[in-house]
Amino acid sequence: MRTEVRHLVAAALFVSIVPGLAVAQQSDGPSLFLVNTETRIEKVGWSFPSGSAIPTSRLETQVAVKGPGSLTWAKKAFDFIPFVPSPEFAPFSPVVLQRDVVRLRRLYRSSGFPSVVVDYDVALDTTVNRVAITMVVDQGEPLTIDTVSISVTDDTPDDLQDEWTSFTSRLAEARGRRFSQEERSRLVQETTNWFSDRGYPWVQASLVRADTSGTDVSVALEARPGARARVDEIRIEGNERLEPPVLRREIPIRVGDWYSARRVSEGQRELFELDLVRRALGDLVDSQPPDTSVVVRYRLNEAQPRV
């Protein structure tokens, strides 16, 4: 006998307290369903009444309820053959199912869907004591970015004005994008990168305000650049066989240049590609004061020479 059950959890929670006993009556008739500690999961499916911006493959990584796998049909069909294993069905837990609902709700909300509704349908086959679960996700309308503004605590130098104008125009291209946690982080990171690649090692960027009107969001960013610094020294540590002049040729930043996090990273990558370098790490020397000059450091681990 197969019984359709919606919102099964309340009764099944009672089962977890009294093992072996689970009898609940549907509100529309005398049909009963039985769930106990031996109930297993036959399959897990998905339903999206309004579509889904998040791929099912990602959603499956967020839930703990699992079906027996894609080869179940083959194992069922050929389990009479020696050495062909029977399909394994995971135990059904209503508590785990509820936790999955909470995780999915958080995922969609962080992805820009504040009104998402996550539900489920459970069908119990009492002849084999297995359930088929369908996760039902109605993502609703997304929040979308309407405007992006940015304020800077210090004046931008004259030599960066054209680049700054171009950058703020690029930020405005976020209009129409979904206001997800990923998009929030991207806007902040792009702002940080812009300054750190133009001489500002100690820049701090943040999203200070997100005003919502319906599904439109006005985003306000703030940047605190700090002191603009030039490279005062480039240190190379850990080299034993490779000579400093050979290594310095691979580093695209020079003493006297404005600090650039991007070029420091490029130098790290170029050094790592040398045959005799096993590991390379480029960064700033620890405990430097936020001054107008910085010391860049590259730490190397040399590989053993090939015989």
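What percentage of contacts in the protein between residues at least 6 apart in sequence join residues at least 24 apart? The points below start with that.

1. Contacts and basis. Among contacts between residues at least 6 apart in sequence, 64% join residues at least 24 apart; a contact here means heavy atoms within 4.5 Å. This is a predicted model, in which local features need pLDDT of at least 70 and side-chain atom pairs count only at pLDDT 80 or more, while totals for chains, interfaces and linings use all residues. Residues are numbered from 1 along each chain as its sequence is written, and side-chain values use heavy atoms, with hydrogens and water left out.

2. Overall content. The protein has 8 helices and 12 strands. Both are DSSP runs numbered from the N terminus, helices being H or I of at least four residues and strands being E of at least two. Of the 307 residues, 35% are buried. Buried means under 20% relative accessible area, exposed means over 50%, and partly exposed lies in between, with a 1.4 Å probe and protein chains only.

3. Strand E4 (residues 40-47) runs parallel to strand E6 (residues 130-138), and 7 bridges join them. Two strands are taken to pair if DSSP finds at least two bridges between them. Within this pairing, Trp46 has Met135 of E6 as its bridge partner. Strand E5 (residues 117-125) pairs with E6 in the antiparallel sense, over 9 bridges, and Ala123 stands opposite Ala132 in E6. E5 and E6 make a hairpin with 4 residues between them, where Asn129 in the turn has a positive phi of about 60°.

4. Gln139. This residue sits in the loop between E6 and E7. Is Gln139 buried or exposed? Gln139 counts as buried because its relative accessible area is 9%. Apart from residues up to four places away in sequence, Gln139 touches Ser50, Gly51, Ser52, Ala53, Tyr108, Phe113, Ser115 and Val116. One of these, Gly51, is 88 residues from Gln139 in sequence, with 7.3 Å between the two C-alpha atoms.

5. The sheet E7-E9-E8. In that order, 3 strands form an open sheet of mixed pairing. Its edge strands are E7 (144-152) and E8 (204-213), each of which pairs on one side only. From one strand to the next, the twist averages 20°; axes are lines fitted to C-alpha atoms, for helices over the stretch in contact, and angles run from 0 to 180 degrees between N-to-C directions. E8 and strand E9 (residues 216-224) are antiparallel partners over 9 bridges, and Ala205 has Ala223 in E9 as its bridge partner. Helix H5 (residues 161-172) lies across E7 and E9, at about 155° to E7.

6. Arg224. Arg224 belongs to strand E9. Its relative accessible area is 43%, so Arg224 is classed as partly exposed. Leaving out neighbours within four places in sequence, Arg224 is in contact with Thr153, Trp202, Val203 and Gln204. Ala205 is 19 residues from Arg224 along the chain, and their C-alpha atoms are separated by 6.2 Å.

7. The sheet E10-E12-E11. Here 3 strands, in that order, form an open sheet with mixed pairing. E10 (230-237) and E11 (277-284) are the edge strands, each pairing on one side only. The twist averages 15° from one strand to the next. E11 and strand E12 (residues 293-302) run antiparallel and are joined by 7 bridges; Ala280 stands opposite Leu300 in E12. Helix H8 (residues 261-272) packs on this sheet, touching E11 and E12, and its direction makes about 165° with that of E11.

8. The largest pocket. Its volume is about 180 Å³. A pocket is an open set of points on a 1 Å grid over the protein atoms alone, where a 1.4 Å probe fits, with protein on both sides within 12 Å along at least five of seven lines; lining residues have an atom within 4 Å of a point. Grid points are joined across faces, edges and corners, and the volume is the space filled by probe spheres set on the points. Which residues line the largest pocket? They are Ala53, Ile54, Arg58, Leu107, Ser110, Ser111, Arg178, Ser180, Glu182 and Glu183. Helix H4 (94-110) and helix H6 (181-196) each supply at least two residues of the lining. By class, the lining has 3 nonpolar, 3 polar and 4 charged residues; Ala, Val, Leu, Ile, Met, Phe, Trp, Tyr, Cys and Pro count as nonpolar, Asp, Glu, Lys and Arg as charged, and the others, Gly among them, as polar.
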